[in-house]
Amino acid sequence: MFHIAICDSNPQILTQLTDNILKLPNPSDVLSIHTFLGEQALLRDCRQGCCYNLVLLGPFQQDHRNLALARKIRSFDPQMPISLISNSFQDSLAGYEVPLYRCYPHPFPPRILHRDLQELIRKRRNSCYTFVFSNWQGLHRFPLKDVIYFKALGARIQVVTALGNYEYRETLGGLEKQLGRFNFMRIHRSYVLNLQWVRNVWGREVTLLNGSVLPLSKHRSRELRESLKRQNIE
C-alpha cells in the first residue's frame with residue numbers, strides 16, 4: 001500500500017489532485033489517498049508519527065503557505081517525500097532548503113506527477129528487498145538500500161554496505177543480472193553500484209554519499225548519466 005497525503009484549503013483542488021493521481025497508469029502498489037482540507041489535521045498526524053510515502057501540498061490561497069507547511073512537516077520527519085504546487089519562483093528556490101522532492105508549477109502537469117509517483121513507488125518497493133549471501137562467517141542479510149557497491153577481488157566479491165564490508169564468492173556478471181532491476185548498475189569492470197548512493201559524477205569518477213570515490217569506465221559514462229537523469233537522483 002502506497003499512502004499519499006494531499007493538503008489544500010480548496011476542496012476543488014483536493015478533488016482535482018485526487019482524480020489525477022487515480023489516473024496513474026498501472027501502479028505497482030495499491031494507492032491510498034488521504035485528503036486534508038487545511039493543515040491542522042495533517043500536522044497532527046505528522047506530529048503523532050504518521051508516515052506517508054508522499055505528501056503533496058496544493059497551491060493554497062495564501063502566499064507561500066504551502067512552503068511554510070512543508071517546513072513544519074519536515075521538522076517532524078526529515079525523510080518523508082514532500083512535493084508542493086506553486087507559481088512562486090521563490091518557493092522553488094527555497095524548496096531546496098526544506099528539502100522538497102519536487103516543486104510543480106500551477107496548474108501542475110499530471111504527466112510529470114505520474115512519473116514521479118512511479119519513481120517513488122519503485123524506490124519504496126526496492127527498499128523492502130533484502131540481499132542475502134553466505135561466507136565463512138555465516139549467512140548475512142542486508143536491506144538492499146544499505147548495500148552501497150560490489151567490488152571484484154579476484155575470485156571473490158567485496159560487498160560494501162552502510163554497516164560494514166564483507167567478502168564472498170560470486171561474479172560481477174551474475175550480480176549485474178540479479179540486481180539490475182533494483183537500481184544497481186555496472187559502472188566499471190570491477191564495480192557494480194547502487195545508484196541511490198551516487199552524489200556526483202565528474203569526468204571518470206563517481207562520488208558517493210558516504211564520500212567514497214569510484215572509477216567510471218568511459219563506455220559506461222553516458223549510460224550512467226542517463227540513468228541518473230531518468231531517476232532524478234543526480
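A residue is called buried when its relative accessible area is under 20%, exposed when over 50%, and partly exposed in between (1.4 Å probe, protein chains only). The model is predicted, so local features need pLDDT of at least 70 and side-chain atom pairs count only at pLDDT 80 or more, while totals for chains, interfaces and linings use all residues. Residues are numbered from 1 along each chain as its sequence is written, and side-chain values use heavy atoms, with hydrogens and water left out.

**Helix α2**

Select residues 40-47, helix α2 (helices are DSSP runs of H or I, at least four residues; strands are runs of E, at least two; both are numbered from the N terminus). Within α2, L42, L43, D45 and C46 are buried. These residues lie on the same side of α2 because they cover an arc of only 160° around the axis, the arc being that of the directions from the helix axis to the C-beta atoms.

Next, display β1 (2-8), β2 (31-37), β3 (54-57) and α3 (65-76), which are included in what covers the buried residues of α2. Turn to the face away from the buried side to find the exposed residues Q40 and R47. Just after α2, select G49, which takes a positive phi of about 100°.

**The second largest cavity**

Now select I13, Q16, L17, P59, I85, H106, P107 and F108, which line the second largest cavity. This lining divides into 6 nonpolar, 2 polar and no charged residues. Helix α1 (residues 11-21) gives the most to the lining, with 3 residues.

Note on methods:
On a 1 Å grid over the protein atoms alone, a cavity is a set of points where a 1.4 Å probe fits but cannot get out, and a pocket is an open set with protein on both sides within 12 Å along at least five of seven lines; lining residues have an atom within 4 Å of a point. Ala, Val, Leu, Ile, Met, Phe, Trp, Tyr, Cys and Pro count as nonpolar, Asp, Glu, Lys and Arg as charged, and the others, Gly among them, as polar. Contact means heavy atoms within 4.5 Å.
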